[in-house]
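Take a look at the structure below. Then follow the walk through its parts.

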Amino acid sequence: MSKVKYYYDPDTLSYRKIEPEKSKRYRNITFFILGSCLFGFLALILLLNTNLVNTPRELSLSREVKNYELQYELLNKKMAQIEEVLGNIEERDNNIYRLYFEANPIPDEQRKAGFGGINRYKSLEGFNNSEMIVSTTKRLDIIKKQMAIQSKSLDEITKLAEEKEKLLMSIPAIQPINNEDLTRMASGYGWRSDPFTKARKMHYGMDFTAPKGTPIYAAGDGKVTRADNNSSGYGKHIRIEHGYGYLSLYAHLSQYNVKKGQKVKRGDLIGFVGSTGRSEAPHVHYEVWKDTDRINPINFYYGSLSPEEFENMLKFANQENQSLD
């Protein structure tokens with residue numbers, strides 16, 4: 001209950017009750033209502049920014065948002081790890097694999113290029129976290145593109161490796177007679193004395209002496225193109241096409257173990273030592289051809305000789321003696 005106030009009236013020499021003006025009363029009531037509304041509004045804002053009045057659904061959504069934020073952080077860490085591993089693979093691909101197989105490196109601009117043209121991420125725009133979602137999606141798309149390029153590169157390397165292996169197996173890389181069967185390396189590639197005319201002439205192969213009937217082996221993978229005695233001076237001889245421009249020839253055989261058109265592998269038995277054709281004694285005359293030119297076979301014995309054996313053969317091959325054919 002509000003206090004009643006009085007004032008002293010000198011005219012009547014008495015106290016009179018103070019009656020408040022109506023306008024003042026209304027103004028006080030108005031201020032009270034406005035103040036109450038303002039206080040209530042501020043209190044509401046304060047409560048809305050706390051968990052005191054959140055509904056169970058709002059609390060659940062809040063936990064989900066925090067979980068998504070954690071998962072997003074973990075996803076970014078995983079993508080960083082993938083990018084690091086992929087970068088190491090790309091570096092080895094360019095600087096080791098492609099270099100070894102003589103393939104051009106793939107430039108970084110091609111590996112890590114983005115996507116031009118239309119806006120691929122328009123459907124992701126217009127949300128609260130659109131920038132984050134678009135950025136992550138772009139990053140994933142670039143990683144997928146890098147992986148696709150790397151996968152294609154490795155497919156190419158696999159084909160190059162298979163071709164390289166095929167080339168290495170095709171090159172005539174072993175001597176045609178085993179060392180334990182060899183009597184001696186009679187004559188090498190170069191200028192030699194002819195056994196019949198005694199004139200100095202070019203000897204385009206290597207002569208390996210061995211008893212008649214000693215096995216002769218294919219120096220590399222290939223296909224037999226000739227097994228006959230229809231070439232002057234060679235007698236019974238075999239020619240094997242190895243591909244890549246290589247051909248090997250084995251002359252003065254006593255008999256064949258293959259026929260024309262037959263495919264052979266390095267080390268396959270193809271014939272036997274003899275002395276047919278223009279020959280002075282049992283031996284095999286061995287030649288290597290590259291792109292129609294006869295070259296020194298001694299440069300291709302990496303597949304069957306030790307360093308000491310090769311050095312010994314080189315010593316005898318360089319002696320300018322008399323050939324056997």
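Are Tyr250 and Tyr286 buried or exposed? Both are buried. Keep in mind that this is a predicted model.

Start with the nonpolar core. The largest one has 26 residues. Phe208, Ile238, Ile240, Tyr250 and Ile270 have the most contacts inside it. Strand S6 (206-209), strand S9 (237-243), strand S10 (246-251), strand S13 (269-273) and S14 each supply at least two residues. S14 gives the most, with three residues.

Ile270 shows how the parts meet. Leaving aside its neighbours within four places in sequence, Ile270 is in contact with residues that include Ile216, Tyr217, Ala218 and Val258. Its partners also include Ile238, Ile240 and Tyr250.

Now turn to the aromatic rings. The count comes to two aromatic pairs. One is formed by Tyr189 and Tyr204, and it is edge-to-face. The ring centres are 6.4 Å apart, with 75° between the planes. This pair links distant parts of the chain, 15 residues apart. Tyr189 sits in the loop between strand S3 (184-187) and strand S4 (190-193). Tyr204 sits in the loop between strand S5 (200-203) and S6. Tyr189 is partly exposed, at 21% relative accessible area. Tyr204 is partly exposed too, at 31%.

Tyr250 and Tyr286 also pair. Their ring centres are 5.4 Å apart and their planes stand at 40°, so the pair is tilted. Tyr250 lies in strand S10 and Tyr286 in strand S14, so the pair ties together parts that are 36 residues apart in sequence.

Stay with strand S14, which spans residues 283-290 and holds Glu287. Glu287 is buried, because its relative accessible area is 2% and buried means under 20%. Which side chains does Glu287 join through polar contacts? One is Tyr234, at 2.9 Å. Another is Trp289, at 3.0 Å. Leaving aside neighbours within four places in sequence, Glu287 is in contact with residues including Tyr204, Leu247, Arg294 and Pro297.

Two of those names meet again. The charged end of Arg294 sits over the ring of Tyr204, 3.8 Å from its centre.

Finish with another stretch of the chain. An unreviewed UniProt entry annotates residues 58-92 as a "coiled-coil region". In the model, this span is 100% helix and 0% strand. Its end C-alpha atoms lie 51 Å apart.

Note on methods: Residues are numbered from 1 along each chain as its sequence is written. This is a predicted model: local features need pLDDT of at least 70, side-chain atom pairs count only at pLDDT 80 or more; totals for chains, interfaces and linings use all residues. Side-chain values use heavy atoms; hydrogens and water are left out. Helices (H or I, at least four residues) and strands (E, at least two) are DSSP runs, numbered from the N terminus. Buried means under 20% relative accessible area, exposed over 50%, partly exposed in between (1.4 Å probe, protein chains only). A polar contact is a pair of N or O atoms within 3.5 Å; within protein, one must be able to donate a hydrogen and the other to accept it, and residues adjacent in sequence count only if both atoms are side-chain atoms. Contact means heavy atoms within 4.5 Å. UniProt positions are given in the numbering used here, feature names are shortened, and annotations may be inferred rather than shown by experiment. A nonpolar core is a set of buried Ala, Val, Leu, Ile, Met, Phe, Trp, Tyr and Cys residues joined through side-chain atoms within 4.5 Å. Rings of Phe, Tyr and Trp (its six-membered ring) pair if their centres lie within 6.5 Å; planes under 30 degrees apart count as stacked, over 60 as edge-to-face and the rest as tilted. A charge sits over a ring if NZ of Lys or CZ of Arg is within 6 Å of the ring centre and within 35 degrees of the ring normal.
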